[in-house]
Amino acid sequence: MSKAGEYAAKFNRVFDYIDQNLHGDLSLDSLSQVAHFSKFHFSRQFSGYTGVSVFGYVQLMRLKRASYRLAFNQADKIIDIALDAGFENPESFSRAFKNTFGQTPTEFRLQPAWQPWNEQYQFPKRERNTSMDVRIIQFEETKIASFQHRGAPDLVNDSVAQFIAWRKQSGLSPIKQSSTFGIVHDNPDTTEPDKFRFDICGSVHEPIPDNVHGVINGTIPAGRCAVVRHKGSHDRIGESIYPMYRDWLPSSGESLRDFPLFFHYLNLLPETPELELETDIYLPLR
């Protein structure tokens, strides 16, 4: 590994440690030990690498988890979310949230402004792990209920909320008994934001009726697929996708089928911490 790679790997350990210990000791001393950096220089090294201070980064990660609970777990009380995020009281939580995202927790819960929220999480891309355990499987035809997101990737969570609302209201694709999928029509890195297409889907056993949420019937067809499991944040899923196209596909002798890449979410936020998320990525093959 290059010197730059070794340096990035040390920070990856720190990021993972922070994700795993958001309720624990995240002091400069403890984090510098994780990175094997001198505590006298770690603060400057961290801010130079990420563009934000250690304290600022930790708070952003705590606020990120709190944001998902505010948006998608309406039954959770704000005071409980504040305390779980490491704040002494709802007032200090509200001030930090408003200063960071421009909305109070209550305003965010009612109508999340996801675009400015996403701007706070633009950090350097982590070094990609190119080792892949690719399986080839026969995917069975699956009937789905689908909400078609059209527009900026930063606003996908608004569409997720619409689909969740339909799921809860209809009871036709219960989250605990059904599979959850995402169908990726376009590459968000190369597609103009207003032309990006992504479908949020849940498996169903029967056709769904017309509804005010705009959820429609669809099908993921049967066929051969290459599958790789991505572990960790959905924000970093490209780190598992690109090696499939760049490294695995050219050497495999396989060719692609005329159906988009799709995801099977094995667990979901906010019930699952980001570091423990698991997502199967399906590349349809001829």
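At 59% relative accessibility, histidine 36 counts as exposed (buried means under 20% relative accessible area, exposed over 50%, partly exposed in between, with a 1.4 Å probe and protein chains only). This is a predicted model, in which local features need pLDDT of at least 70 and side-chain atom pairs count only at pLDDT 80 or more, while totals for chains, interfaces and linings use all residues. Residues are numbered from 1 along each chain as its sequence is written, and side-chain values use heavy atoms, with hydrogens and water left out.

Histidine 36 sits in the loop between H2 and H3 (helices, H or I of at least four residues, and strands, E of at least two, are DSSP runs numbered from the N terminus). Its phi is positive, about 60°, although histidine 36 is not a glycine. Most residues other than glycine have a negative phi, and most peptide bonds are trans. A cis peptide bond joins leucine 269 and proline 270, with omega about -5°. Proline 270 lies in the loop between S7 and S8.

Now the overall layout. The protein chain is divided into domain 1 (3-120) and domain 2 (134-284); such bounds come from an automatic or database domain assignment. Their C-alpha centres lie 27 Å apart.

The largest nonpolar core has 36 residues. Such a core is a set of buried Ala, Val, Leu, Ile, Met, Phe, Trp, Tyr and Cys residues joined through side-chain atoms within 4.5 Å. Val14, Ile18, Phe42, Phe46 and Phe93 have the most contacts inside this core. Helix H4 (54-72) is among the elements that give two or more residues to it. H4 supplies the largest share, 11 residues. Apart from this core lies another, of 26 residues, including Trp166 and Leu283.

Of its 19 residues, 16 are buried, so H4 is largely enclosed by the rest of the structure. At 1.5 Å a residue, H4 should span 27 Å (the expected span is 1.5 Å times one less than the number of residues). The end C-alpha atoms of H4 are 28 Å apart, which agrees.

How do the domains meet? In all, 13 residues of domain 1 are in contact with 18 residues of domain 2 (contact means heavy atoms within 4.5 Å). The two domains bury about 1,400 Å² between them, 56% of it on carbon and sulfur atoms. Buried area is the accessible area (1.4 Å probe) that two parts lose on being put together, summed over both. On the domain 1 side, Tyr68, Phe72 and Trp114 lose the most area to domain 2, together 42% of what that side buries.

The structure holds 12 salt bridges (a side-chain nitrogen of Lys or Arg within 4 Å of a carboxyl oxygen of Asp or Glu). Two are counted between domain 1 and domain 2. Lysine 64 forms a salt bridge with aspartate 235, their closest N and O atoms 2.7 Å apart. Arginine 69 and aspartate 84 also pair, at 2.8 Å from N to O. That pair links helix H4 to helix H5, 15 residues apart. Arginine 69 is buried at 17% relative accessibility, whereas aspartate 84, at 38%, is partly exposed. Arginine 229 forms a salt bridge with glutamate 278, the closest N and O atoms being 3.9 Å apart. Here strand S6 (residues 223-231) is linked to strand S8, with the partners 49 residues apart.
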